[in-house]
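Here are my notes on this one, point by point. Have the viewer open while you read.

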Protein chains: 2
Amino acid sequence: ADASWEEKAWNRLKSQIRPRGSLGLLENIAARLAAIKRSLDIELSKKLIFTMAGDHGVAEEGVSAYPQEVTSQMVFAFIQGWASINVLARHGGIDVRVVDMGVASDLPEDWNIVRKKIRYGTANFTKGPAMTREEAEKGLLAGAELVVKAVKEEGYQLIGTGDMGIANTTPSSAILAVFSGRPVAEITGRGTGIDDQAFQKKVQAIERALSVNSPSPEDPIDVLAKVGGCEIAGLAGAVLGAAASKVPVVCDGFIATAGALIAVKLAPAAKDYLFISHRSGEPGHKVMSDILELPPILDLGMRLGEGTGAALAMPIVEAAAKVLKEIKTFEEAGVTDTGH
Amino acid sequence: ADASWEEKAWNRLKSQIRPRGSLGLLENIAARLAAIKRSLDIELSKKLIFTMAGDHGVAEEGVSAYPQEVTSQMVFAFIQGWASINVLARHGGIDVRVVDMGVASDLPEDWNIVRKKIRYGTANFTKGPAMTREEAEKGLLAGAELVVKAVKEEGYQLIGTGDMGIANTTPSSAILAVFSGRPVAEITGRGTGIDDQAFQKKVQAIERALSVNSPSPEDPIDVLAKVGGCEIAGLAGAVLGAAASKVPVVCDGFIATAGALIAVKLAPAAKDYLFISHRSGEPGHKVMSDILELPPILDLGMRLGEGTGAALAMPIVEAAAKVLKEIKTFEEAGVTDTGH
């Protein structure tokens with residue numbers, strides 16, 4: 001991103017017919033968009049969310065409220081247009097593309113999904129690495145390539161990332177534990193709504209995974225391979241692909257932000273292109289946004305995934321671009337400016 | 001509003017293909033909409049914001065960063081489509097209607113505004129009442145009638161309220177001081193961005209207004225007349241008109257919520273129809289939302305007015321209606337439900 005364009009944006013924002021700073025976070029978003037697009041005239045109407053699906057071997061430890069088959073059932077619901085992400089994306093004028101990054105079963109040929117399966121779910125990471133380093137790299141590349149192509153070949157201007165995968169708050173907390181160094185219990189939540197007993201199992205599973213695999217915080221691909229997930233690889237890759245394509249990317253909640261964290265650890269400059277859609281209900285999400293130094297746009301108490309937070313926040317990012325371009329300046333409008 | 005419909009809504013929300021409660025505040029909004037509309041199939045696509053303008057005699061005390069002529073200059077900008085509210089309302093597919101409730105000057109005949117002027121700005125309330133009781137009642141009725149007609153004759157389904165009026169955070173803080181009993185300095189803010197000296201003048205002006213006029217918290221019309229404003233009367237009336245028409249109404253920030261507070265004090269049942277769009281940057285706004293027991297939907301650090309917060313939140317209210325109607329249930333979709 002180009003800081004000189006951020007400054008040009010602030011100059012315009014400060015001369016618009018309203019009190020200085022009165023649009024709060026929208027102004028920060030607008031200035032960041034200017035730096036990304038090197039322009040004050042930014043169009044973000046063509047919007048796409050990638051909902052990346054994958055299964056997790058650690059599900060067998062009883063860390064989730066739902067059985068693993070729900071991942072593929074939800075993928076079916078997505079392609080039928082029945083699920084939360086479909087409803088919220090339609091409302092926001094956003095296209096949705098569902099990607100099989102690593103669902104544990106073969107999905108029927110006639111399902112309208114993008115097929116990038118890197119393996120049939122991860123291995124149970126309490127017993128060894130979730131996947132190989134090569135698989136993690138393959139997932140990253142697949143996610144990046146999908147975004148690069150969507151931007152280049154189809155003209156998408158704003159990208160969102162979302163997830164589907166039973167048990168995937170578990171690897172997300174594990175990734176965060178590695179990068180934050182915080183105690184696992186402090187950054188692990190109830191996911192889809194587990195009871196105290198399952199919560200204890202979840203914390204112990206993550207602690208075991210960290211001790212069995214010893215992922216290195218200096219090597220983000222090592223972290224991704226050992227305690228990550230197939231869809232998390234795709235989500236990280238999508239952020240890298242957006243940065244490489246110079247388009248803004250809005251990540252969803254806890255799982256998508258875990259992917260974004262991997263991306264930014266791999267390529268710190270990718271952070272300039274990243275927006276966090278909302279504050280997830282998962283307790284670790286605040287730690288993620290603090291590490292990334294990015295404020296969530298919304299805080300609606302949501303904890304669903306699928307890209308639902310991104311679907312609600314992307315129109316607000318688009319609004320910020322219009323604020324920058326369309327609100328007239330005091331000079332243009334002939335309104336008295338007192339410099340406040 | 002009808003609590004039995006709220007229960008029906010919760011039953012559907014809890015049986016949708018997602019974890020229970022995972023859409024957070026959207027679910028609360030959805031349930032409240034069901035109670036308002038007595039339906040689970042709610043259409044809110046036809047949306048209208050009333051931006052009510054008025055001037056304030058107290059401006060002569062130096063409580064604002066801008067001179068009074070800016071009120072009419074901004075009304076001109078609104079009808080040209082140049083201002084923040086125009087940009088954000090267009091983005092959200094929301095119509096805007098600008099109402100002269102009490103601008104201090106005559107606005108040109110050819111300006112496309114709604115003319116409901118109840119007086120040429122209020123009197124300086126540090127020296128006596130801002131307006132007469134009759135004027136306050138006239139303003140309330142005008143605001144209510146505008147909404148009732150927009151719903152009945154034009155089919156608007158979701159109403160927003162916004163304000164324009166130099167110095168109007170001053171009467172808004174005064175209204176809040178009467179109803180909350182809190183110290184004036186604690187619930188008074190910097191408005192459009194005043195310095196320490198102007199802030200002191202503002203606090204003193206409000207304290208003087210309360211002591212000179214002795215508005216009675218038991219008599220909301222007395223409060224509105226003595227320390228309110230013409231546009232605040234219209235904003236309060238709009239909330240009453242929405243409740244009478246059984247349509248949801250989304251109030252903007254500090255000034256519009258002051259109007260909503262008057263409305264709810266007059267008719268407590270109106271609260272069922274009210275949504276607070278966002279948390280204003282004004283420190284008193286949290287006290288208002290606490291009194292109203294309504295959580296702001298957004299918190300973007302905005303402090304602009306005009307209806308800008310309403311314009312960003314109304315699409316989220318509309319999204320909640322679609323969540324309720326369109327997300328399939330476990331039974332409808334054939335997804336495994338574990339009851340979490």
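**Notes on the sheet, a helix pair and one threonine**

1. Start with E1(B): Lys47(B), Ile49(B), Thr51(B) and Ala53(B) point one way, while Leu48(B), Phe50(B), Met52(B) and Gly54(B) point the other way, and all are buried. Buried here is under 20% relative accessible area, exposed is over 50% and partly exposed lies in between, with a 1.4 Å probe and protein chains only. So E1(B) is mostly covered, eight of its eight residues being buried. In a regular strand, side chains alternate between the two faces of the sheet.

2. Before going further, note that this is a predicted model: local features need pLDDT of at least 70, side-chain atom pairs count only at pLDDT 80 or more, and totals for chains, interfaces and linings use all residues. Residues are numbered from 1 along each chain as its sequence is written, chains are lettered from A and ligands numbered from 1 in the order in which they are written, and side-chain values use heavy atoms, with hydrogens and water left out.

3. The sheet in chain B is open, with six strands in the order E3-E2-E1-E4-E5-E6 and parallel pairing. Its edge strands, E3 (114–115) and E6 (274–276), each pair on one side only. Strands are DSSP runs of at least two residues and helices (H or I) of at least four, numbered from the N terminus; two strands pair if DSSP finds at least two bridges between them.

4. How is E1(B) joined to E2(B)? Eight bridges do it, and the two run parallel. E1(B) also pairs with E4(B) in the parallel sense, over seven bridges. Ile159(B) in turn has Val249(B) as its bridge partner in E5(B).

5. Now the helix pair. H5 (residues 133–154) and H8 (residues 220–227) of chain B pack at about 105 degrees, with axes 8 Å apart. Axes are lines fitted to C-alpha atoms, for helices over the stretch in contact, and angles run from 0 to 180 degrees between N-to-C directions. H5(B) and H8(B) are therefore roughly perpendicular (65 to 115 degrees).

6. Finally, chain A: Thr71(A) sits in helix H3 (residues 69–80) and is buried, at 0% relative accessible area. Beyond its neighbours within four places in sequence, its contacts (heavy atoms within 4.5 Å) include Ala53(A), Val103(A) and Met164(A).

Methods
Parallel < 35°, antiparallel > 145°, perpendicular 65-115°, else oblique.
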